[in-house]
Amino acid sequence: MAYKKPGLPDEPVKLKVKKGDTVQVITGKDKGHTGKVLTAIPKENKVIVEGLNMMVKHEKDRQSRKPNSTGANTVIKGGRVEKEAPLNASKVMLVCTACGRPTRVGYAYKEGTEKLSRRKYRVCKHADCGKAID
Ligand SMILES: [Zn+2]
């Protein structure tokens, strides 16, 4: 059996948010902040949100593998590097593009004559909105 990181879902989860979506963080240190999803990681049920959940990585100076024009290896300066850490997808809520409020996500189907031509799309769960989000 392949090694699985502890705490990961057995099956990749279908995320309700995707790259480019605006989400609001509902818990943790960035609670209440909104940001754009840079990367969705369905395998780990996580998302990376622009400017949120920043962590500081301390990196050592290291040598690049490719020599530069003078033939010597370029040194990549280390130090404190701020990076976005992945957030658990359950900690963010999708912000509705129509009403601007964070919402749960529902699904609806576009009408199609044949079953296979039906397209699933996301809708806002607010009773007074209900607009499609995609
Ligand atoms: Zn809405």
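**Exercise 1.** In this predicted model, find what distance separates the centres of domain 1 and domain 2, and describe the contact from the side of domain 1.

*Solution.* Start with the bounds: domain 1 covers 11-63 + 77-95, and domain 2 covers 98-134. Taken over C-alpha atoms, their centres lie 25 Å apart. Next, count the contact residues. Domain 1 supplies five and domain 2 supplies six. On the side of domain 1, strand S9 gives the most, with three residues. Last, sort that side by class: three residues are nonpolar, one is polar and one is charged.

**Exercise 2.** Work out the strand order of the open six-stranded sheet, and explain why one side of S8 and of S10 has no neighbour in the sheet.

*Solution.* Read across the sheet: S8-S3-S2-S1-S9-S10, with antiparallel pairing. Now look at the edges. S8 (87-88) and S10 (102-103) each have a single partner strand, so one side of each stays without a neighbour in the sheet. Then take one pair from the order. S2 (residues 34-41) and S3 (residues 46-49) run antiparallel and are joined by four bridges. Within this pair, threonine 39 has isoleucine 48 of S3 as its bridge partner.

**Exercise 3.** Identify which elements give two or more residues to the largest nonpolar core, and list what valine 17 touches.

*Solution.* The core has 16 residues. Strands S1 (22-25), S2, S3 and S9 (92-95) each give two or more. S9 holds the largest share, three residues. Val17 is among the residues with the most contacts inside the core. Leaving out residues up to four places away in sequence, valine 17 touches Val23, Val37, Ala40, Val47, Ala89, Val92 and Leu94.

Definitions and conventions
Residues are numbered from 1 along each chain as its sequence is written. This is a predicted model: local features need pLDDT of at least 70, side-chain atom pairs count only at pLDDT 80 or more; totals for chains, interfaces and linings use all residues. Two strands pair if DSSP finds at least two bridges between them. A nonpolar core is a set of buried Ala, Val, Leu, Ile, Met, Phe, Trp, Tyr and Cys residues joined through C-beta atoms within 7 Å. A residue is buried if 20 or more other C-beta atoms lie within 10 Å of its own, exposed if 12 or fewer, and partly exposed in between; C-beta atoms are placed from the backbone. Two residues are in contact if their C-beta atoms, placed from the backbone, lie within 7 Å. Domain bounds come from an automatic or database domain assignment. Ala, Val, Leu, Ile, Met, Phe, Trp, Tyr, Cys and Pro count as nonpolar, Asp, Glu, Lys and Arg as charged, and the others, Gly among them, as polar.
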